[in-house]
Amino acid sequence: CAKQRGSRHSRVVMFNHTARSILGRSFARRSASTIADIRARSHVLGGEAASPEVLKTFEIWHDAVAEMADDSVSDGTIQAFRECVDENVVFSPPTYFKPWEGRDEFMVLIECVGEVFGPSFTYGRQWLSPCGREWALEFKADIGDSGRSVDGIDLVSLDESGRIVDFKVLARPPNAVAALKDAMMRKVPPRLAMMKAKQAVGGMGKLFA
């Protein structure tokens, strides 16, 4: 599967503007599926040799995004997705120069961007490497009430256990990315401050336990 990384950009298929994403209820609350099951109800290519752990992460990710789009994220879904993310995951969004590292920070950023995109977020065609550990997921979304729309692609890498270790987002056009950055700057700093405060309190509790 490592050999696929150098060529994954060239094999991404064009966004299908008529395709509604697999973010619908068809993915929510399903048990782990085979790649044939996933292909039958979505626009996914590849993944012929994907392990059950990898496919489980793929579906849980889509469950989480579907619920974020509906503003109905359950604690169970968030926890299930959190368990699919490596503790040292590297997240590279288009709105920041440097990547973010760490599962807690990643979860905050994902939840915030889900709020910005809301129900407008859709995936088009999606490609998995043969082993399923490299994803290229094309998307389209509106940036809140800014009047801007963004087209982009999520490039995701998983480890052998199916946990997300790298998540990179490429997006265009520049004015939409700028609008996204403005929206995120209104949401992310207070959420990160709250997260740090909770971590500090938790750390103090362990010291005196």
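**Pockets, cavities and contacts: a short tour**

Visitor: Thanks! What kind of model is this?
Guide: Residues are numbered from 1 along each chain as its sequence is written, and side-chain values use heavy atoms, with hydrogens and water left out. Local features need pLDDT of at least 70, side-chain atom pairs count only at pLDDT 80 or more, and totals for chains, interfaces and linings use all residues, since the model is predicted.

Visitor: Which element supplies the largest share of the lining of the largest pocket?
Guide: The lining is made of R82, D104, M107, V108, E111, R191, M194, M195, K198 and Q199. Two or more of these residues come from each of helix 4 and helix 5 (helices are DSSP runs of H or I, at least four residues, and strands are runs of E, at least two, numbered from the N terminus). With five residues, the largest share belongs to helix 5.

Visitor: What volume has the largest pocket?
Guide: Grid points are joined across faces, edges and corners, and a volume is the space filled by probe spheres set on the points. For the largest pocket this comes to about 310 Å³.

Visitor: And the second largest pocket: which element gives the largest share of its lining?
Guide: That pocket holds about 210 Å³ of space, and its lining includes M68, D71, S74, E111 and P119. Helix 2, helix 3 and helix 4 each supply at least two of its residues. The largest share, three residues, comes from helix 4.

Visitor: How many cavities of 30 Å³ or more does the structure hold?
Guide: A cavity is a set of points where a 1.4 Å probe fits but cannot get out. Counting those of 30 Å³ or more, the structure holds two.

Visitor: Which element gives the most to the lining of the largest cavity?
Guide: This cavity has a volume of about 300 Å³ and is lined by 24 residues, with I110, V113, G114, F117 and F121 nearest its centre. The lining divides into 20 nonpolar, three polar and one charged. Five of its residues come from the element that gives the most, helix 4.

Visitor: F117 and F121 form an aromatic pair; what angle lies between the planes?
Guide: Rings of Phe, Tyr and Trp (its six-membered ring) pair if their centres lie within 6.5 Å; planes under 30 degrees apart count as stacked, over 60 as edge-to-face and the rest as tilted. The whole structure has twelve such pairs. F117 and F121 are stacked, 5.6 Å centre to centre, and the angle between their planes is 25°.

Visitor: Are F117 and F121 buried or exposed?
Guide: Buried means under 20% relative accessible area, exposed over 50%, and partly exposed in between (1.4 Å probe, protein chains only). Both F117 and F121 are buried.

Visitor: Why does E48 count as it does, in terms of relative accessibility?
Guide: E48 meets R39 in a salt bridge (3.7 Å, N to O); the term means a side-chain nitrogen of Lys or Arg within 4 Å of a carboxyl oxygen of Asp or Glu. R39 is partly exposed because its relative accessibility is 34%. E48 has 55% relative accessibility, so E48 counts as exposed.

Visitor: With which residue does R172 form a salt bridge?
Guide: The closest N and O atoms of this pair are 4.0 Å apart. One partner lies in strand 7 and the other in strand 6, so the pair ties together parts that are 21 residues apart in sequence. The partner of R172 is D151.

Methods. On a 1 Å grid over the protein atoms alone, a cavity is a set of points where a 1.4 Å probe fits but cannot get out, and a pocket is an open set with protein on both sides within 12 Å along at least five of seven lines; lining residues have an atom within 4 Å of a point. Ala, Val, Leu, Ile, Met, Phe, Trp, Tyr, Cys and Pro count as nonpolar, Asp, Glu, Lys and Arg as charged, and the others, Gly among them, as polar.
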